[in-house]
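Subject: Structure for your files

Hello,

Here is the structure I said I would send. My notes on it follow below.

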Protein chains: 2
Amino acid sequence: MKELVIEKVNQAVSLLKEYDYDMWITFAREISVSPDPILDYIFEDNLTWKSAIIITADGDKTAIVGSLDAESIERRGIYEVIPYIKSFKEPFIKFLKNKDPKKILINFSKDSPIADGLSYGMYLNLIEVLKEAGYEDRIFSSEKLISSLLGRKSETEIKLVKNAIDETLKIFDEVTAFLKEGISEKDVASFVKSKVKERGFGYAWEEEMCPAVFAGPQTGGAHSGPTDKVIKKGEVVNMDFGIKLNGYVSDLQRTWYILKDNEDDAPEPVKKAFKVLIESVEKAASALKAGVKGIEIDTVAREHIVKNGYPEYPHALGHQVGRNAHDGAALLAPKWERYGNLPFLPIEENMLFTIEPRIPVEGYGVVTVEDIVRVKKDGVEFLSSPQKEIILVRG
Amino acid sequence: MKELVIEKVNQAVSLLKEYDYDMWITFAREISVSPDPILDYIFEDNLTWKSAIIITADGDKTAIVGSLDAESIERRGIYEVIPYIKSFKEPFIKFLKNKDPKKILINFSKDSPIADGLSYGMYLNLIEVLKEAGYEDRIFSSEKLISSLLGRKSETEIKLVKNAIDETLKIFDEVTAFLKEGISEKDVASFVKSKVKERGFGYAWEEEMCPAVFAGPQTGGAHSGPTDKVIKKGEVVNMDFGIKLNGYVSDLQRTWYILKDNEDDAPEPVKKAFKVLIESVEKAASALKAGVKGIEIDTVAREHIVKNGYPEYPHALGHQVGRNAHDGAALLAPKWERYGNLPFLPIEENMLFTIEPRIPVEGYGVVTVEDIVRVKKDGVEFLSSPQKEIILVRG
């Protein structure tokens, strides 16, 4: 992963220049207990005591850390290390005074978890020191920098996500062959997990709900785990699943229909809902390109579904993927309080978004798809081969 | 782990009463990206959107969460769930107004990472809502509650740590048989890792430095990983190592001496330093009991070492262990800025502490031991069978 860290650290230097900030400080401690999630991208070692990982617009990379943490950071050669034994304050203030930055970014954000890694107690510690240095009025949120740093994927990163997607699609094909009436949601999940284990993959999110499997009407919400519910003919089955492979994840959904003995196709209500679902994906994908805002894209899909008489999906249309299943900051989401400003952040080239509407079909289950697109200057490219038809299973 | 969660949640209710607070709010979101570490102890599910996990002195346990996270929390039956779709604010304010708490704990601490899980951005969000409810002046740090909640181990927890210790000591015995001149620090680490893997254990801290192995003079700091340095006769070797077993960890150190062909014992400088080291452990252990402060215990050991002409160790004498290698809040540490108030927190019965001084021996290496004690009303009990003599290896 060292190449990826170097790539991101250098990208951070460029972004500081692009956005006209002088310095970015990630202030953390005891990260094995309480990690700042952005460190995964720019740093590879442990931090035990109060530590500042500092990147500046002039290209300096500096780590002010407790002495016992110093050696392995030095060995990697990415950061210049300033070790301390008793007190963080003196070397930190000395460093600041020397650089005299006018605009300093720190990791807090009301809306973006990945840009909000500074804890409140650590904020209080930092402000105390910055006051002593007379710099307390020079701090700004790193949200915009982090949104671009994580959002703008390199070709290497896109390839890694694509690999995870390809392996996930293979498992979906195997699920199609495995599905039948009489097995439970948990049986299907166990089958998927056996493939994950056999192939040495990780999970894109917590294992208990990865995959999430939903069969028939009265199924759980999108974030609950599979149950003992047995799959019956005439039911819609869907799955939300992603793997982690070489540090990058997939996050995809597929929908199946278990045919009754006398059926050759899904019933009309299921087909109609699925058609509207796919149309909503296509309309959203057509509208998505660099420069638009997430709320516009969510609205396109949401309105199409509602206009056709279905309830709106109770979540965002899509999120970014990368190292995490919910990656980056900008979201394809409605203007709901719970999403804060994320639907309004600019969408940039090479961001990777899921598109994942859902429609409940009374008496059958819920139809969903989730595919992943790469944002380009004038449109999108699907990284997953998108589901266009409900998959029929002769169960 | 459900029993342990119920145990901790009920312990939290008792502690709220004992310390005279009305309510404890853990306010979190997207915890797979940005977790509040205390949630591991009191909660088992995922949280995606702004969520409040609330425990009150009158015994109520409530989770106000995004609707898609609700079902699996409900299934466990520990928390009463209040789900929301668009906005967290309304159900949260309604709940607060109904309870009308006078003193509310939230998770921030300038000194204790485990009690500092609230991010600064989330703090800003919380304060905004509390202001709207008129409750912004009723908040306090949960540090004291969390220090006792994690520190006061139950018998079940002590047994789990003891199991991890016992398995670690077995591996140390195997290392004694494996050690010889000509193998590298990395070879020793690989041997230990093969045992960990074979037995299905986890690591107590990041794998790259677990175990940490140091051979001879000019070795790295306590927090750096093993190197290609080859072990020679006449060198001191030590190891810092811990496993995770059933969710609880060990953290122990042992020191070996590789005999030269003409030696039957370690040389005088090594023996003398090791004797002083063990005396410092014994003195610290004799002074440790419920009610003292960590700084007093650190001082006993540190002064004994310095009095004997050795440099003081550049870290704390000991920390708590439990689910993490650095567990709880109270520390056996000196009054250094980097430890904040942790050396001054009260030491309570059933806290588990490491005792781990170190002494460099010019030309030979560093002698260290690390054992784990359980604090009792009037003294301590060693959970690990403590190292008293340097282990001699005929290499």
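Strands β8(B) and β9(B), the latter covering residues 236–241 of chain B, pair in the antiparallel sense over four bridges. Two strands are said to pair if DSSP finds at least two bridges between them.

β8(B) spans residues 212–215 and is covered on both faces. Ala212(B) and Phe214(B) are buried on one side, and Val213(B) and Ala215(B) are buried on the other. Buried means that 20 or more other C-beta atoms lie within 10 Å of the residue's own, exposed means 12 or fewer, and partly exposed is in between, with C-beta atoms placed from the backbone. In a regular strand the side chains alternate between the two faces of the sheet.

This is a predicted model, in which local features need pLDDT of at least 70 and side-chain atom pairs count only at pLDDT 80 or more, while totals for chains, interfaces and linings use all residues. Residues are numbered from 1 along each chain as its sequence is written, and chains are lettered from A and ligands numbered from 1 in the order in which they are written.

Some backbone details come next. The peptide bond from Cys210(B) to Pro211(B) is cis, with omega near 10°, and Pro211(B) sits in the loop between β7 (202–203) and β8 of chain B. In chain A, the bond from Cys210(A) to Pro211(A) is cis with omega near 10°; Pro211(A) lies in the loop between β7 (202–203) and β8 (212–215) of that chain. Asp20(B), which is not a glycine, has a positive phi near 65°. Asp20(B) belongs to the loop between α1 (2–18) and β1 (23–28) of chain B, and it counts as exposed because it has 9 C-beta neighbours inside 10 Å. Asn246(A) has a positive phi near 50° and is placed in the loop between β10 (243–245) and β11 (248–249) of chain A. Asn246(A) has 13 C-beta neighbours inside 10 Å and therefore counts as partly exposed. Most residues other than glycine have a negative phi, and most peptide bonds are trans.

Now the contacts. Two residues are in contact if their C-beta atoms, placed from the backbone, lie within 7 Å. Glu143(B), in helix α6 (residues 143–151) of chain B, is buried because 23 other C-beta atoms lie within 10 Å. Leaving aside neighbours within four places in sequence, Glu143(B) is in contact with Ser109(B), Ser112(B), Ala115(B) and Ala329(B). The C-alpha atoms of Glu143(B) and Leu345(B) are separated by 9.9 Å, although the two are 202 residues apart along the chain.

Between the chains, 53 residues of chain A are in contact with 53 residues of chain B. On the side of chain A that touches chain B, α3 (67–76) and α5 each supply at least two residues. By class, that side has 20 nonpolar, 21 polar and twelve charged residues. Ala, Val, Leu, Ile, Met, Phe, Trp, Tyr, Cys and Pro count as nonpolar, Asp, Glu, Lys and Arg as charged, and the others, Gly among them, as polar.

Regards
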